[in-house]
Amino acid sequence: MAKFMYLYRGTIPELTPEQGAEREAAFAAWIEKLGPALVDVGSPFVGTKASVGDDRSEGAAGELAGYSIVEADDLAQAKAFTDGLPFLSERDGKHTIEIYELLSI
């Protein structure tokens with residue numbers, strides 16, 4: 001089994017308390033569905049962000065919104081695990097998940 005990191009790209013929308021509760025319930029259902037394959041539920045990124053280059057230049061950071069780590073047999077299974085993930089529920093093309101296999105060191 002390999003570990004894969006999901007990098008959530010897009011903005012986190014402002015939600016009413018009711019919408020927030022619905023989103024939390026949807027995430028809880030997704031977490032339960034993945035079970036032990038979800039190695040690290042991760043966290044949303046909030047607050048200050050920055051980008052520092054190898055030449056020590058500074059710039060604007062991208063629109064990363066958070067991360068999660070899953071364990072899967074291969075990339076196809078890691079992709080399949082995104083089914084039902086609330087971050088992709090808007091269907092407006094403004095949210096994506098980049099999936100990277102993590103090198104075991």
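Colleague: What volume does the second largest pocket have, and which residues lie nearest its centre?
Modeller: In this predicted model, the second largest pocket has a volume of about 250 Å³. Its lining consists of 13 residues, and those lying nearest the centre are F45, K49, E63, L64 and A65. By residue class, that lining divides into six nonpolar, five polar and two charged residues.

Colleague: What can be said about the space in the largest pocket, and which residues lie nearest its centre?
Modeller: The space in the largest pocket comes to about 370 Å³. A residue counts as lining when it has an atom within 4 Å of a pocket point, and 19 residues line this pocket, with I12, F27, S43, P44 and F87 lying nearest its centre.

Colleague: Which elements each supply at least two residues of that lining, and which of them gives the most?
Modeller: Helix 1 (17-34), strand 2 (38-44) and strand 5 (64-72) each supply at least two residues, and helix 1 gives the most, with six. Sorted by class, the lining of the largest pocket holds twelve nonpolar, five polar and two charged residues.

Colleague: What makes the largest nonpolar core, and which residues have the most contacts inside it?
Modeller: Membership requires that a residue of a listed nonpolar type be buried and be joined to the set through side-chain atoms within 4.5 Å. The largest core formed in this way has 16 residues, and those with the most contacts inside it are Y6, Y8, W30, V70 and F81. At least two residues of this core come from each of strand 1 (2-9), helix 1 and strand 5, and strand 1 provides the largest share, four residues. As a general background, nonpolar side chains in soluble globular proteins tend to be buried together.

Colleague: Why is F81 called buried?
Modeller: The relative accessible area of F81 is 15%, and the cut-off for buried is under 20%, so F81 is buried. F81 lies in the loop between helix 2 and strand 6, and, leaving aside neighbours within four places in sequence, F81 is in contact with Y6, W30, L34, A37, V70, E71 and A72.

Colleague: Is T82 buried or exposed, and why?
Modeller: The relative accessibility of T82 is 15%, which lies under the 20% limit, and therefore T82 counts as buried. T82 lies in the loop between helix 2 (75-80) and strand 6 (96-102). With neighbours within four places in sequence left aside, T82 is in contact with Y6, W30, L88, I97 and I99.

Colleague: Is H95 buried or exposed, and why?
Modeller: H95 has a relative accessible area of 16%, and buried means under 20%, so H95 is buried. The place of H95 is in the loop between helix 2 and strand 6, and H95 touches R9, G10, T11, F87, L88 and E90 when residues up to four places away in sequence are not counted.

Colleague: Why does M1 count as exposed, and which residues does M1 touch?
Modeller: The relative accessibility of M1 is 68%, and the threshold for exposed is over 50%, so M1 counts as exposed. M1 is placed in the segment before strand 1, and, not counting residues up to four places away in sequence, M1 touches E71, A72 and D73. The C-alpha atoms of M1 and A72 are separated by 5.5 Å, although the two residues are 71 apart along the chain.

Colleague: How many helices and strands does the chain have, and in what order do the elements run?
Modeller: The chain has two helices and six strands, running β-α-β-β-β-β-α-β from the N terminus on. Of its 105 residues, 25% count as buried, and among contacts between residues at least 6 apart in sequence, 73% join residues at least 24 apart.

Key:
Residues are numbered from 1 along each chain as its sequence is written. This is a predicted model: local features need pLDDT of at least 70, side-chain atom pairs count only at pLDDT 80 or more; totals for chains, interfaces and linings use all residues. Side-chain values use heavy atoms; hydrogens and water are left out. On a 1 Å grid over the protein atoms alone, a cavity is a set of points where a 1.4 Å probe fits but cannot get out, and a pocket is an open set with protein on both sides within 12 Å along at least five of seven lines; lining residues have an atom within 4 Å of a point. Grid points are joined across faces, edges and corners, and a volume is the space filled by probe spheres set on the points. Ala, Val, Leu, Ile, Met, Phe, Trp, Tyr, Cys and Pro count as nonpolar, Asp, Glu, Lys and Arg as charged, and the others, Gly among them, as polar. Buried means under 20% relative accessible area, exposed over 50%, partly exposed in between (1.4 Å probe, protein chains only). Contact means heavy atoms within 4.5 Å.
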